[in-house]
Amino acid sequence: MFRNQYDTDVTTWSPAGRLFQVEYAMEAVKQGSAAIGLRSKTHVVLASVNKASSELSSHQKKIFKVDDHIGVAIAGLTADGRVLSRYMRNECINYSYTYESPLPVGRLVVQLADKAQVCTQRSWKRPYGVGLLVGGLDESGAHLYYNCPSGNYFEYQAFAIGSRSQAAKTYLERKFESFMDSSREDLIKDALFALRETLQGEKMTSSICTISILGAGEAFHVLDQETVQRLINEFEVVGEEPPANEAAAPDAEAAAPGAAEGAAPDQGAAPMDI
Amino acid sequence: MPKQQANWSPYDNNGGTCVAIAGADYCVIAADTRMSTGYSILTRDYSKIIQLADKSVMASSGFQADVRALQKVLAARHLLYQHQHNKQMSCPAMAQLLSNTLYFKRFFPYYSFNVLGGLDSEGKGCVFTYDAVGSYERVGYSAQGSGATLITPFLDNQLKSPSPLLLPAKDAVTPLSEIEAIDLVKTCFASATERDIYTGDKVEMLVLNASGIRREFMELRKD
């Protein structure tokens with residue numbers, strides 16, 4: 001994408017029928033650290049990578065509770081994400097107040113999408129620079145949606161956004177057919193595996209990732225650090241699950257000796273370099 | 001032409017009585033379950049009590065439509081607070097919120113006579129009593145509603161709350177144990193039921209303490 005004479009404001013079409021400002025906003029989403037969502041028939045898991053801007057600072061919050069039955073993971077301009085989360089929370093509270101029942105997820109994402117669309121058609125506004133993975137449970141089951149800065153939204157079985165999300169998407173594309181009937185624990189494990197793909201060799205610890213879950217009979221909540229670390233240790237010691245193709249075979253080989261060395265001296269400190 | 005009087009009122013009084021007593025490490029909040037209008041009974045089984053936060057319980061008598069609307073507003077505000085602060089509202093914070101919410105409608109008030117009970121941040125029982133427009137005070141015990149005039153003098157006698165003007169400042173909470181306080185509440189309602197036509201049927205009691213919250217019912221005279 002290069003600078004051109006049609007990209008100054010969002011209200012200018014290019015001759016090819018593109019709105020460059022909107023596309024630049026979608027670029028901002030790709031720059032943010034990864035966020036992943038997966039869903040089964042009864043649960044939705046949202047996970048994110050905690051990128052801190054420096055060693056001295058804390059990481060930004062990327063996963064927000066919107067209501068007991070809805071959570072959102074964001075990638076891109078986290079400030080925009082925070083503001084949209086506040087909007088979503090308000091919508092849920094107002095709907096609950098009026099109708100004494102939880103806001104259906106499909107309704108919320110449409111409202112969000114319409115809100116995003118407004119910013120693509122006003123000269124005094126700019127598009128929101130954040131992609132949202134909205135996970136929720138309502139009467140029609142568990143859902144995962146992705147909301148773009150463009151005002152489009154799509155429903156997914158599993159999806160990943162942000163930097164190095166393609167690696168996670170590749171993993172999810174291999175496994176997604178089994179997600180609908182996955183158990184809660186398997187869904188979380190798959191989320192962790194997908195998250196690990198985006199780390200591309202960086203050491204995976206509970207401090208670098210945030211996992212959240214919601215489901216039938218389970219209000220949205222973020223899993224605490226100890227639980228996440230325990231889950232990471234479990235699959236590190238066991239070694240990576242054998243996926244269905246040969247491309248992953250070298251991974252499994254490298255992970256096994258790595259895990260064997262790691263397990264002996266220091267639990268959970270196995271180097272993940274492949 | 002003489003000034004016209006309204007022939008319709010937006011308010012109604014559904015009667016009932018609420019009581020709350022604060023103890024050293026517990027709080028009892030109670031209300032009868034009778035809902036009336038005029039000289040008729042609408043239902044014998046209506047709860048006037050709501051748990052607003054894990055350590056705040058509100059009981060309200062008066063116009064139950066306004067009470068219900070007030071409860072919904074407070075519940076929504078509490079949800080917003082939890083999203084912003086990542087924790088539950090403390091009882092004193094809820095007390096202030098209730099006061100502000102009531103005063104917000106100073107010129108078309110909630111016809112709701114409230115008593116808020118719970119545990120403060122030290123785990124001690126606290127009771128806050130209100131008028132319809134939000135004037136409130138932390139006290140050791142309180143009664144509101146149609147039977148309040150019958151119950152309050154009795155509680156004054158039994159709970160011997162020292163004057164807040166005395167020095168050194170004394171705790172308003174009662175030295176009674178939880179069992180004794182519950183028994184006192186039952187006695188209050190049994191007595192008020194005798195003479196107040198709007199109080200009766202059942203009394204619903206909620207007891208908050210460090211181990212959580214407990215609900216008890218006691219039958220009252222149905223006449």
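**A first look**

Guide: Let me start with a detail in chain B, where the side chains of Thr199(B) and Asp196(B) are joined by a polar contact of 2.5 Å. A polar contact is a pair of N or O atoms within 3.5 Å; within protein, one must be able to donate a hydrogen and the other to accept it, and residues adjacent in sequence count only if both atoms are side-chain atoms. This is a predicted model, in which local features need pLDDT of at least 70 and side-chain atom pairs count only at pLDDT 80 or more, while totals for chains, interfaces and linings use all residues. Residues are numbered from 1 along each chain as its sequence is written, chains are lettered from A and ligands numbered from 1 in the order in which they are written, and side-chain values use heavy atoms, with hydrogens and water left out.

Visitor: Where does Thr199(B) lie? And is Thr199(B) buried or exposed?

Guide: Thr199(B) sits in the loop between α4 (178-195) and β11 (202-209) of chain B; helices (H or I, at least four residues) and strands (E, at least two) are DSSP runs, numbered from the N terminus. With a relative accessible area of 0%, Thr199(B) is buried, a word that stands for under 20% relative accessible area, with exposed being over 50% and partly exposed in between (1.4 Å probe, protein chains only).

Visitor: Which residues is Thr199(B) in contact with, leaving aside its neighbours within four places in sequence?

Guide: Among them are Gly16(B), Asp32(B), Arg34(B), Ser146(B) and Phe189(B), where contact means heavy atoms within 4.5 Å.

Visitor: What else is found in the loop between α4 and β11 of chain B?

Guide: Asp201(B) is found in that loop of chain B, and at 1% relative accessibility Asp201(B) counts as buried. Its side chain makes a polar contact of 2.8 Å with the side chain of Arg34(B). Not counting residues up to four places away in sequence, Asp201(B) touches a list of residues including Thr33(B), Ile41(B), Glu219(B) and Lys222(B). By contrast, the C-alpha atoms of Asp201(B) and Ser90(B), which are 111 residues apart along the chain, are separated by 33 Å.

Visitor: Changing topic, how many salt bridges does the structure hold over all chains?

Guide: The total over all chains is 28 salt bridges, each being a side-chain nitrogen of Lys or Arg within 4 Å of a carboxyl oxygen of Asp or Glu. One of chain B's pairs is Lys48(B) with Asp32(B), at 3.1 Å from N to O. Lys48(B) is in the loop between β4 (40-43) and β5 (49-53) of chain B and Asp32(B) in strand β2 (residues 26-32), so that this pair, 16 residues apart, links distant parts of the chain. Both Lys48(B) and Asp32(B) are buried.

Visitor: And what does Glu218(A) pair with?

Guide: Glu218(A) forms a salt bridge with Arg184(A), the closest N and O atoms being 2.7 Å apart. Because Glu218(A) lies in strand β10 (residues 218-222) and Arg184(A) in helix α5 (residues 184-199) of chain A, the pair ties together parts that are 34 residues apart in sequence. Glu218(A) counts as buried at 16% relative accessibility, whereas Arg184(A), at 23%, is partly exposed.

Visitor: What about chain A overall, how many helices and strands?

Guide: Chain A has 7 helices and 10 strands, and of its 274 residues 50% count as buried. Of the contacts in chain A with a separation of 6 or more, 61% are between residues 24 or more positions apart.

Visitor: How many residues of chain A are in contact with chain B?

Guide: 8 residues of chain A are in contact with 8 residues of chain B. The area buried between chain A and chain B is about 790 Å², with carbon and sulfur atoms giving 58% of it; buried area is the accessible area (1.4 Å probe) that two parts lose on being put together, summed over both.

Visitor: How many salt bridges are there between chain A and chain B?

Guide: The count is 2 salt bridges, and Glu100(A) forms a salt bridge with Arg68(B), the closest N and O atoms being 3.1 Å apart. Across this interface there are also 4 residue pairs in polar contact, with both residues at pLDDT 80 or more. On the side of chain A that touches chain B, β3 (63-67) and α2 (78-99) each supply at least two residues, and the largest share, 4 residues, comes from α2(A).
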